[in-house]
Amino acid sequence: MWAKTDSESNWHPLLLHMLDVAATASALVEREPAATRNRLADMLGLSWDLARPWLLLLIAAHDLGKACPGFQCKWQNLSGLNPGRSPNLRINHAFVSQIALAAWLVELGWPDELARLAADAVGCHHGSRASPKTLEALEGDRSAIGRDEWTDARHALLDTLFEVFQPTALPEKAGLSGPEFMLLAGLTSFADWIGSNTEWFTFGTEADADDPAVWFEARRASADRALDVLGWQPRTPLLTSPLSFREVFGFSPRPLQEAVATVLADLDEPAILLIEAPMGEGKTEAAWFAHLELQRRFEHRGLYIALPTQATGNAMFARTLAFLRARDAGRVLDLQLLHGGTPLNDHFQQLRLATVHDDVDPEAAQVKAGEWFTHKKRALLSEYGVGTVDQALLPVLPVRHHFVRLWGLANRVVVFDEIHAYDAYTGTLLIHLVRWLHALGSSVLLLSATLPPAIRRELAQVVGGKLPATEAAYPRLSVFATGNVRQTHFEADPTRRVTIDILPIGSELEDMQTELQLRLIEGGMGLTLVNTVQRAQALYGLFPEGRSLLWEGEQVGKLLDDGTEIYLFHARFPASQRQLREQRVLDIFGKAGGENGELRRGRKILIATQVAEQSLDLDFDLMATDLAPIDLLLQRAGRLWRHPRPHRPVAAPILLVAGLAGDAPDDFGRPLWWGAVYAESVLLRTWCLLRQPERRQIILPDHIDTLVQAVYEEDVSIPDALQARLDKALMASDGDDIAKTQQAHGAIIGLPDDASWDEPARFVLYDEDDPYVHRTLAAQTRLGDESLTVIPLGPADGFDVGTAPRLEQARVWSRRTLRVGRKGVVKQLKALGIPESAWRQLLWPVDVNYPGRWKRGMRGSAFRL
């Protein structure tokens with residue numbers, strides 16, 4: 001019986017392929033920390049030595065179902081194997097594996113439920129689980145699975161595997177928990193992907209199958225070579241002995257960082273840490289240090305940092321790369337960037353190209369970006385990663401191979417930054433993910449400057465604990481361990497007093513423009529942060545055209561006649577332009593501002609949307625902003641006077657707020673952006689809070705917790721004239737939040753600590769990236785209007801719907817991708833579809849900067865008229 005074939009009619013025996021994958025699994029887990037092996041052994045209730053033979057047997061049996069006419073007759077017209085019947089070739093052989101393996105294990109004496117779930121875990125290695133109805137129908141389809149002689153053949157293969165691995169003790173568990181199931185399923189798929197690669201596992205012969213034990217040992221060496229090539233090294237920790245914060249980073253810890261180090265010393269198991277601290281307090285360094293210590297103590301095998309946006313992910317990737325390069329790991333580390341704009345990130349592409357060309361600097365601490373891990377389903381398997389929260393959330397959504405992604409995040413340190421940035425839907429998904437990570441033995445760090453109290457209550461429920469009756473004062477560190485919650489207060493840096501000035505009634509964009517120019521008459525760095533792209537574009541257009549400011553050959557802003565530089569930054573630029581503008585914004589308005597701060601000279605104004613609101617280390621002298629929820633206003637205020645400087649052109653940090661004028665929000669005319677982006681109930685409470693005279697000066701960080709709690713715990717005095725309007729808005733927003741929360745509850749694979757993960761209704765697979773699938777059938781990590789990735793093309797581009805572009809032209813075009821979300825435009829573009837003819841067979845670059853690797857087909861591509 002065959003398992004693999006090639007174009008020259010060579011074939012690889014089924015038994016040998018099964019042993020190839022088992023050998024790969026053996027090599028994988030031997031390079032894992034002992035904590036991972038112990039967790040795999042616990043799923044059977046045995047020690048590792050006793051569990052290992054069973055584990056390898058189970059994984060080897062993943063393709064047992066290929067021993068059936070429905071599969072064997074797919075090649076070389078072997079219909080004679082099933083006389084008298086036409087074989088059903090539309091069979092999922094993995095489900096046949098599941099049926100046969102479960103029955104055989106029960107015959108050996110395994111508990112029924114354990115046998116069912118173990119067989120299910122290896123039987124879903126093609127990405128999807130079979131419902132009971134599917135299995136029942138398959139068992140009755142003899143044209144697919146064959147009659148008794150086929151059953152005997154499958155049993156003979158299992159008996160051979162039993163002789164090879166020689167398990168000696170029956171499992172002592174009655175079933176598998178959700179986390180155990182996901183670990184076994186993920187490891188099986190992972191091993192199958194590697195063990196099926198003919199570059200490392202060449203075909204054997206029928207004669208090789210005569211001594212399967214010898215074959216397995218030989219393939220164990222092949223698996224080691226494959227893992228060496230992939231960069232899957234033994235998971236030794238970066239620290240082998242405890243070091244202080246100063247010893248790691250070379251400077252004294254701030255109070256926040258000292259508090260984290262103290263708490264870590266008292267932990268005796270993986271935990272969830274929530275750091276609530278003002279902007280600029282060093283939360284990222286604290287998270288890196290926590291990773292080093294947690295990895296050393298609990299054998300965590302790596303780190304993933306999840307950010308709310310691509311821009312924040314890009315900035316964190318560069319910082320994390322520098323952090324890892326400064327570590328003396330004694331081995332090569334793999335670091336991946338995970339988001340849709342990865343091909344356009346220069347830091348990542350330089351790292352990747354150096355890896356491809358074997359050009360990693362041996363003098364530096366070695367960090368690479370292995371090619372194998374850049375595939376979207378494999379990226380979370382890499383030891384280290386930085387990306388968007390969306391990539392981290394996919395493992396708890398029923399997308400194909402979600403369990404492989406879960407396996408990648410298991411027993412790992414996972415950091416979520418800026419967790420306040422999500423709505424009720426994404427926030428609920430995040431809590432469910434944290435629950436899964438905790439159950440999978442991972443440590444989790446959550447970072448935020450401004451967090452509603454409800455999030456702390458939900459995290460306490462994750463670990464089965466309760467918040468203290470009197471919570472520690474802000475800033476604080478909360479530790480959520482199994483059954484208990486502890487909190488610590490720490491001091492923050494010296495306070496900053498931010499004065500809130502109300503822009504005039506009307507607060508038209510002209511007022512923002514005028515105020516910034518007047519208040520920065522002596523120069524300085526100004527920011528205008530508005531709530532919609534349309535407002536940002538309109539405000540940018542109010543300034544005279546001036547001359548184009550070019551950087552790396554692209555326009556990034558404009559220079560006015562008086563020397564003022566105006567920059568525009570939002571999320572709807574074409575991909576390459578957005579990356580360029582993002583980098584230029586960081587260069588000018590970042591901490592350094594160029595060498596010796598020369599880029600911060602003169603008057604420079606940035607007009608931006610929420611992309612400048614969080615995670616990016618930006619520092620401004622003056623800011624004007626649209627009204628937003630209080631926590632986000634505080635985030636924005638954190639960009640004022642962020643770093644100490646010898647000279648500022650303004651006397652004090654001032655936040656100009658549009659939308660606070662008048663006796664009621666209606667006086668402002670309620671323009672498009674009021675309530676279009678944020679819940680009106682939160683905006684109304686924020687409006688009422690900041691209208692109070694005593695709130696015209698905010699002290700950071702002292703007032704952060706008080707202000708956020710007042711708005712989100714509904715502790716704001718509301719004028720009688722606004723109460724009815726607020727009640728109406730509350731009904732709408734509460735209903736919206738409840739609907740989003742319930743939608744998130746229904747969207748996930750289930751919970752790890754009850755039976756919901758094993759409910760067949762949750763096996764339904766969403767499509768994660770096909771833009772043509774209906775929204776109700778797509779995996780959604782965030783709610784919102786439907787959008788498409790497009791490439792704008794015109795006559796000058798030489799576009800011809802009947803002719804596919806040359807490869808070089810396709811690479812150039814691909815750097816123009818942008819997202820469009822206007823409903824009418826999306827509808828028309830979807831109706832156009834992909835051009836016929838050569839477009840559907842176009843070789844599309846996996847990496848737009850590295851033309852050596854291509855994938856075929858334009859399914860879900862970005863090319864549109």
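Me: In this predicted model, why are helix α15 (residues 310-325) and helix α23 (residues 575-589) called oblique to each other?

Reply: The axes of α15 and α23 come within 11 Å and cross at roughly 60°. Angles under 35 degrees count as roughly parallel, over 145 as roughly antiparallel and 65 to 115 as roughly perpendicular, with the rest oblique, and α15 and α23 are therefore oblique to each other. The crossing of this pair is right-handed.

Me: Which residues bring α15 and α23 into contact, and how are they divided by class?

Reply: On the α15 side Q310, A311, N314 and A315 take part, and they meet R578, E582 and L586 of α23. By class, this contact has three nonpolar, two polar and two charged residues.

Me: What makes α14 (residues 283-298) oblique to α15?

Reply: Helix α14 and α15 pack at an angle of about 45°, their axes lying 12 Å apart. The crossing of α14 and α15 is right-handed, and in the contact T284, E285, W288 and L292 of α14 meet M316, R319, T320 and F323 of α15. Four nonpolar, two polar and two charged residues make up that contact by class.

Me: How do you know that β3 (residues 272-276) and β10 (residues 476-481) pair?

Reply: Two strands pair if at least two bridges are found between them, and β3 and β10 have five bridges, in the antiparallel sense. One of the residues involved is I272, whose bridge partner in β10 is F480.

Me: What makes β6 (367-368) and β11 (484-489) edge strands of the sheet?

Reply: The nine strands form an open sheet of mixed pairing, in the order β6-β5-β7-β4-β8-β9-β3-β10-β11. Strands β6 and β11 each have a single partner strand, so one side of each is left without a neighbour in the sheet. Helix α19 (residues 424-439) packs on this sheet, where it touches β3, β8 (413-416) and β9 (443-448), and its direction makes about 165° with that of β8.

Me: Why is the meeting of E383 and R235 called a salt bridge?

Reply: The N to O distance between the side chains of E383 and R235 is 3.7 Å, and the cut-off for a salt bridge is 4 Å, so the pair qualifies. E383 lies in the loop between β6 and β7 (384-388) and R235 in the loop between α11 (212-230) and α12 (245-249), so that the pair links distant parts of the chain, 148 residues apart. The structure holds 40 salt bridges.

Note on methods. Residues numbered from 1 in each chain as written. Predicted model: local features only at pLDDT ≥ 70, side-chain atom pairs only at ≥ 80, totals over all residues. Heavy atoms only, no water. Helix = DSSP H or I, 4+ residues; strand = E, 2+ residues; numbered from the N terminus. Contact = heavy atoms within 4.5 Å. Axes fitted to C-alpha atoms, helices over the stretch in contact; angles between N-to-C directions. Left-handed = near helix turned anticlockwise from the far one by under 90°. Nonpolar A, V, L, I, M, F, W, Y, C, P; charged D, E, K, R; others polar.
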